[in-house]
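Let's take a friendly walk through this structure. Please keep the viewer open as you read along.

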Amino acid sequence: LSGEALAAWRERHGLELQELLVVTDDVYLPLGALRLRTKGSSGGHRGLESIEASLETRDYPRLRLGVGAAESSEQLRDHVLETFAAEEQGLLRRTVEMAADAVECWLADGMTTAMNQFNRRVTEEEAQS
């Protein structure tokens with residue numbers, strides 16, 4: 001129901017689509033990967049499907065954070081809701097930090113600059129620092 005919440009928030013604050021950045025998890029990206037886009041499909045993500053339905057468009061900026069794939073489609077819901085393993089914590093922490101940096105870059109310098117700088121995967125070195 002993400003779209004309903006977003007629609008109510010936009011109505012209250014009067015934001016245009018390009019002033020919005022949707023941040024979401026993505027099971028089709030490995031843990032540590034970030035992907036910024038100006039528009040696109042939901043890729044089967046129910047939250048994004050709800051947002052698309054509410055906004056009546058796919059043309060809104062989004063930042064996807066990789067959380068890795070589930071063992072099977074039946075395990076997908078549990079996979080995205082479960083706690084990350086202890087050995088994933090460093091990579092997770094650095095991914096969230098990098099995502100925050102990407103949002104700040106998007107705000108300050110625009111989407112093109114943010115995409116050029118942050119559409120990548122966190123390295124093992126970065127995860128350990």
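**A pair of strands and a helix**

Asp-25 has Leu-65 in strand 3 as its bridge partner. Strands 1 and 3 run parallel to each other, paired through 5 bridges; two strands pair when DSSP finds at least two bridges between them. Strand 1 covers residues 22–26, with Val-22, Thr-24 and Asp-26 on its covered face and Val-23 and Asp-25 on its uncovered one.

A word on the model: it is predicted, so local features need pLDDT of at least 70, side-chain atom pairs count only at pLDDT 80 or more, and totals for chains, interfaces and linings use all residues. Residues are numbered from 1 along each chain as its sequence is written, and side-chain values use heavy atoms, leaving out hydrogens and water.

Zooming out, the chain has 6 helices and 3 strands, in the order α-β-β-α-β-α-α-α-α. Helices (H or I, at least four residues) and strands (E, at least two) are DSSP runs, numbered from the N terminus. Of the 129 residues, 37% are buried; that means under 20% relative accessible area, with exposed over 50% and partly exposed in between (1.4 Å probe, protein chains only).

Now look at helix 2, where Glu-52 sits. Glu-52 counts as buried because its relative accessibility is 12%. Beyond its neighbours within four places in sequence, Glu-52 has contacts (heavy atoms within 4.5 Å) that include Gly-40, Tyr-60 and Arg-62.

Glu-56 lies in the loop between helix 2 (46–55) and strand 3 (62–66). Glu-56 counts as exposed because its relative accessibility is 72%. Although not a glycine, Glu-56 has a positive phi of about 60°.
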